[in-house]
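Please look at the sequence and the three-dimensional structure shown below, and keep both in view while you read the report that follows.

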Amino acid sequence: MAEPVLAVEGVCKSFGMVRASDNVTLDLRPGEIHALIGPNGAGKSTLIEQICGGLEPDAGRITFLGRDVTGLGTVQRARMGLARTFQISALAMEDTVIENVLLGAVGAAGGAFRFLRSALRDRAFRARAEAALEQVGLAEERWMRAGDLSHGQRRALEVAVALTLSPRAFLMDEPMAGLGASGSQRMTGLLRELKAQAPILLIEHDMDAVFSLADRVSVLVQGRVIFTGSVAEIRAHPEVRRAYLGEDA
Ligand SMILES: Nc1ncnc2c1ncn2[C@@H]1O[C@H](COP(=O)(O)OP(=O)(O)OP(=O)(O)O)[C@@H](O)[C@H]1O
């Protein structure tokens, strides 16, 4: 089996009496979409925060590209290619689409440019940004204000920003949220393309999307991973059906 790109081992995090992560172990392998599902409050966001470096685990270890990154900050992990997407608030709504993507590219280069304008004139950066926009289908909107994009287009723009990091793994937090049927379909197609570029750890409540996209699914309940398996195994698992899908098994 190929070495995992990302590995979470025995991660624990408590807030007072609440065990938000209770000895969580899971990994992300090359070429896969690994979905993380679970009811509200199960600890999905807490886990993602610890993986990207925004929150320090009480115990356990996180390895990325074979390196122990548990002690590294968010920026260092992002520069290694750990690309988190879908933080709508991270977009600069007054700036154009291309400027938003360039901001990501400049950040990835360690702030090599003092002004965005000089980055806009730099051919290599410009080409990287244009390629990312092309890939997500936003090339024609490059001069629009981010604030004037539709909700679905903003989500695509967030992916484009992440693409400028030369991602080695994506962490995606509910990419389908707020999208209509056709938007979800487009996003599903995009994620299917992206996983060949870098594997995706996907938090998603839209079970149709999870079942159609995921190579593996982990189920988180009260901070614990109760099961990891294929979509078929998850669908058939009685405890999962009871605990998560809300069915009588
Ligand atoms: N900063 C915090 N301080 C105190 N409790 C917290 C904090 N962050 C999360 N929690 C608690 O930890 C538990 C896990 O929350 P978390 O947001 O990770 O779940 P989630 O699975 O992402 O939920 P949702 O699907 O609703 O986003 C919850 O009981 C939550 O109230």
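## Terms and overall make-up

Helices (H or I, at least four residues) and strands (E, at least two) are DSSP runs, numbered from the N terminus. The structure is a predicted model, in which local features need pLDDT of at least 70 and side-chain atom pairs count only at pLDDT 80 or more, while totals for chains, interfaces and linings use all residues. Residues are numbered from 1 along each chain as its sequence is written.

The chain contains ten helices and ten strands. Of its 249 residues, 41% count as buried, where a residue is buried if 20 or more other C-beta atoms lie within 10 Å of its own, exposed if 12 or fewer, and partly exposed in between, with C-beta atoms placed from the backbone. Two residues are in contact if their C-beta atoms, placed from the backbone, lie within 7 Å; among the contacts in the chain with a separation of 6 or more, 65% are between residues 24 or more positions apart.

## Two domains and their meeting side

The domain assignment, which is automatic or comes from a database, divides the chain into domain 1 (1–80 + 169–249) and domain 2 (82–166). Where the two meet, 19 residues of domain 1 are in contact with 15 residues of domain 2. On the domain 1 side that touches domain 2, at least two residues each are supplied by α2 (74–79), β7 (169–173) and α7 (181–194), and β7 gives the most, with five residues. That side of domain 1 has twelve nonpolar, two polar and five charged residues, if Ala, Val, Leu, Ile, Met, Phe, Trp, Tyr, Cys and Pro count as nonpolar, Asp, Glu, Lys and Arg as charged, and the others, Gly among them, as polar.

Helix α2 also holds Ala-78, a residue that is buried, with 20 other C-beta atoms within 10 Å. When its neighbours within four places in sequence are left aside, Ala-78 is in contact with Ala-83 and Leu-165. The C-alpha atoms of Ala-78 and Leu-171 are separated by 11 Å, although these residues are 93 apart along the chain.

## The largest nonpolar core

A nonpolar core is a set of buried Ala, Val, Leu, Ile, Met, Phe, Trp, Tyr and Cys residues joined through C-beta atoms within 7 Å. The largest such core has 65 residues, of which Val-101, Leu-133, Ala-160, Ala-169, Phe-170 and Leu-202 touch the most other members. Helix α6 (residues 151–163) gives the most to this core, with seven residues. The core lies between domain 1 and domain 2, because both of them give residues to it.

Leu-133 can be examined in more detail: not counting residues up to four places away in sequence, Leu-133 touches Val-97, Ile-98, Val-101, Leu-138, Ala-139, Arg-142 and Ala-160.

Two strands pair if DSSP finds at least two bridges between them. Four strands form an open sheet in the order β2-β1-β4-β5, with antiparallel pairing, and the edge strands, β2 and β5 (67–68), each pair on one side only.

Strand β1 (residues 6–15) is joined to β2 by seven bridges, and Ser-14 stands opposite Arg-19 in β2. The hairpin of β1 and β2 has two residues between the strands, and in this hairpin Gly-16 takes a positive phi near 60°. Strand β1 also pairs with β4 over five bridges, and here Cys-12 stands opposite Ala-59 in β4. Strand β4 (residues 59–64) is in turn joined to β5 by two bridges, with Phe-64 opposite Arg-67 in β5.

Which residues surround the ligand? They are Phe-15, Val-18, Ala-20, Gly-38, Asn-40, Gly-41, Ala-42, Gly-43, Lys-44, Ser-45 and Thr-46, where a residue counts as near a molecule if its C-beta atom, placed from the backbone, lies within 6 Å of it. By class, the shell around the ligand has four nonpolar residues, six polar and one charged. Both β2 (18–28) and α1 (44–52) supply at least two residues of this shell, and the largest share, three residues, comes from α1.

Helix α1 is largely enclosed by the rest of the structure, because seven of its nine residues are buried. The buried residues of α1 are Lys-44, Thr-46, Leu-47, Glu-49, Gln-50, Ile-51 and Cys-52. Just after α1, Gly-53 takes a positive phi of about 100°.
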